[in-house]
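Colleague: I would like to go through some of the labels used for this structure. For each one, please give the value and the cut-off behind it.

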Amino acid sequence: MIKKERPTLSLKPKAKPAKPAAKAPRAQGEGAQRSAGPRPAGPRPGGEGTQRGVGARSDRENRGEGRSEGRSELEQRAFAPRPDRGNRGEGRSDAGQRGFGKREGADFRNDSRSDSGQRGFGRSAGGQEAGSGSPWAARKPAARGAEAPAAPRAPSKPAIRESHHRDLKPRVQTEFQSELKQDSLAFALLGAATAAVQVQQGTALPQALASVFAANDATPQARGAIQDIAYRSMRQLALSEVLIGLMAPKAPDPMVQALLSAALPLMYPADASPAPYEAFTVVDQAVTAAGAHPDTARAKNMVNALLRRFLREKEELLDKAMQQPEARYNYPQWWIDAVITAYPKDWEKLLAAGNEAPPLTLRVNSRRTSVAAYLARLAEQGMDAAQIGPYAVRLAKPVPVSQIPGFAEGDVSVQDAGAQLAAPLLDVQPGMRVLDACAAPGGKTCHILELADVNLTALDADPKRLQRVQENLDRLQLQANLQPAEAQTDAWWDGQQFDRILADVPCTASGIVRRHPDIRWLRRKSDTRQLATLSSQILDNLWRMLAPNGKLLFVTCSLWPQESEAQAAAFAVRNRATRLDAPGQLLPLGGAEQDHDGLFYALFRKDA
């Protein structure tokens, strides 16, 4: 019988099976992800390039999307702002535009922002009150070597609230047609908010309003209400945004912000004038307007809550907001600084005047009637008016153009009293060859032709704006040669010199901000230098087109010396031009004698 071998027993402890390799520590940070496939051993880099979810998606940049299944609601809250984009305001682009979008090919307005593009007002990411100026303080690198005791640091200014990535936001539906009644305040609020959104995208307010009117086929009454609210909102935009920042837990969407910015000025007119509507009517109609637009419908409750909170806490909120210069004066900080620098004695008056609604001033057509006869005509129709210049009549109460007696017939035109000085300064005589460079919309062109029978060429770079010149000529039954071309070029010129040249050159339009309150939000500090350079090119080009003993009138509607007096002085030196008497800088300080726009005049003669 064969014996089976029994296994030998060993007293040595069995070797334990090898442990699997330790899991690599998962990268911490905002964009860390769990990959679906095998991962290499060792630590894995974290940051924005890695994702949780199934595979890396290049079109999502750390935006809180792609959350893994099974995570709790607490874990799925939104990610912190990206470190390379510091606390951008609502809907800002990479270049730092405040508001709801950016016009193509231009950086937006305010040079008081930091490099990351922040405005100096709004709401901080932590919900604290915002400060004025740039929220990013410059920091010097620490010295190498032994660590020095930390110096006391001044309290940092709160940053603007974080914003979602701009690519996540749907395009604002500016052409949406609501079903609201056109005679309702809700319809006017929604129209004004739609226009304001377009201004934030870089469109001038008149063009934005025209787009809204066309899209909604607005009646004349509705157009007037929309325009009034839109202009009010532009004049109080900074104050409204600060108030919204103090009340809102997070930055509202663009259209919601615009709707709130349209409603708040109706509840608190900054010029201390009586409120045009009852406060609770504004709240009710703003909520109705929010519910009528797809971009604001889900924020109805938010609109209601914020506006009602403003009514309850008005004094406290306004006290906090007015601590910031931008909110107190309703201008960008760089604009405030520029006015203080240029006019240290009158800067507050100038800023205040720019926030007032302008008067309605008419120019009487001396070919058809006299100022005295026209004033008598107005009195017969119960309209108060006064003569404030050789051809200027100011109405005590502005009315729509359609209600101005004699306007359609060409008896009068709408033109600021300061702008009416241009044509008389040129001293035109019958038969002269006259050039009006940068002529649109044609007010000065028509005034020259009203004073004398001259051979006039109206030049403008924009053919569409020249159509406005033609419409005014037709209404006044005048004739001129319209030439679409740029004034800094000479391809359009036939070589015959002009006896008189009016050069109303491009500028920042800082002197007509009360008529165009959107200008302060569309301009930026660097525009002054760029436009001054263009203006100098235009002036030098036009000077060689002027006949010996001819006169050139240089005009700007700017308050900045770089575009006015400094430009005139440099031009005279470069071209050895003789400077004649002219008003110089007109400041729009208000009052009976200075209730005009901010214009600058310099007159030059070309010696033979």
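Modeller: UniProt positions are given in the numbering used here, and such annotations may be inferred rather than shown by experiment. The model itself is predicted. With that said, an unreviewed UniProt entry places the feature "binding site" at Cys-438, Ala-439, Ala-440, Pro-441, Gly-442, Gly-443, Lys-444, Asp-460 and Asp-504.

Colleague: How do you know that they gather at one spot?

Modeller: These residues span 67 residues in sequence, yet no two of their C-alpha atoms are more than 13.2 Å apart, so they gather at one spot.

Colleague: What makes Ala-439 count as buried?

Modeller: Buried means under 20% relative accessible area. Ala-439 has 6% relative accessibility, so Ala-439 counts as buried. Ala-439 sits in the loop between β5 (433-437) and α14 (443-451). Leaving aside neighbours within four places in sequence, Ala-439 is in contact with Thr-445, Ala-458, Leu-459, Asp-460 and Val-469.

Colleague: Why does Gly-443 count as partly exposed?

Modeller: Partly exposed lies between the 20% limit for buried and the 50% limit for exposed. Gly-443 has 24% relative accessibility and therefore counts as partly exposed. Gly-443 belongs to helix α14. Beyond neighbours within four places in sequence, Gly-443 is in contact with Arg-363 and Gln-415.

Colleague: Where does UniProt place the feature "active site"?

Modeller: The unreviewed entry puts that feature at Cys-557, in the loop between β9 (546-556) and α18 (565-575).

Colleague: Is Cys-557 buried or exposed?

Modeller: The relative accessibility of Cys-557 is 15%. Since the limit for buried is under 20%, Cys-557 counts as buried. Not counting residues up to four places away in sequence, Cys-557 touches Cys-507, Ala-509, Ser-510, Gly-511, Ile-512, Gly-598 and Leu-599.

Colleague: Now the helices. At what angle do α6 and α7 pack?

Modeller: Helix α6 (residues 279-291) and helix α7 (residues 300-312) pack at about 165 degrees, with their axes 8 Å apart. Angles over 145 degrees count as roughly antiparallel, so α6 is roughly antiparallel to α7. The crossing of α6 past α7 is right-handed.

Colleague: Which residues make the contact?

Modeller: From α6 they are Ala-279, Phe-280, Val-283, Ala-286, Val-287, Ala-290 and Gly-291. From α7 they are Lys-300, Val-303, Asn-304, Leu-307, Arg-308 and Leu-311. By class, the contact of α6 with α7 has nine nonpolar, two polar and two charged residues.

Terms used:
Residues numbered from 1 in each chain as written. Predicted model: local features only at pLDDT ≥ 70, side-chain atom pairs only at ≥ 80, totals over all residues. Heavy atoms only, no water. Axes fitted to C-alpha atoms, helices over the stretch in contact; angles between N-to-C directions. Helix = DSSP H or I, 4+ residues; strand = E, 2+ residues; numbered from the N terminus. Parallel < 35°, antiparallel > 145°, perpendicular 65-115°, else oblique. Left-handed = near helix turned anticlockwise from the far one by under 90°. Contact = heavy atoms within 4.5 Å. Nonpolar A, V, L, I, M, F, W, Y, C, P; charged D, E, K, R; others polar. Buried < 20%, exposed > 50% of the residue type's maximum accessible area, 1.4 Å probe, protein only.
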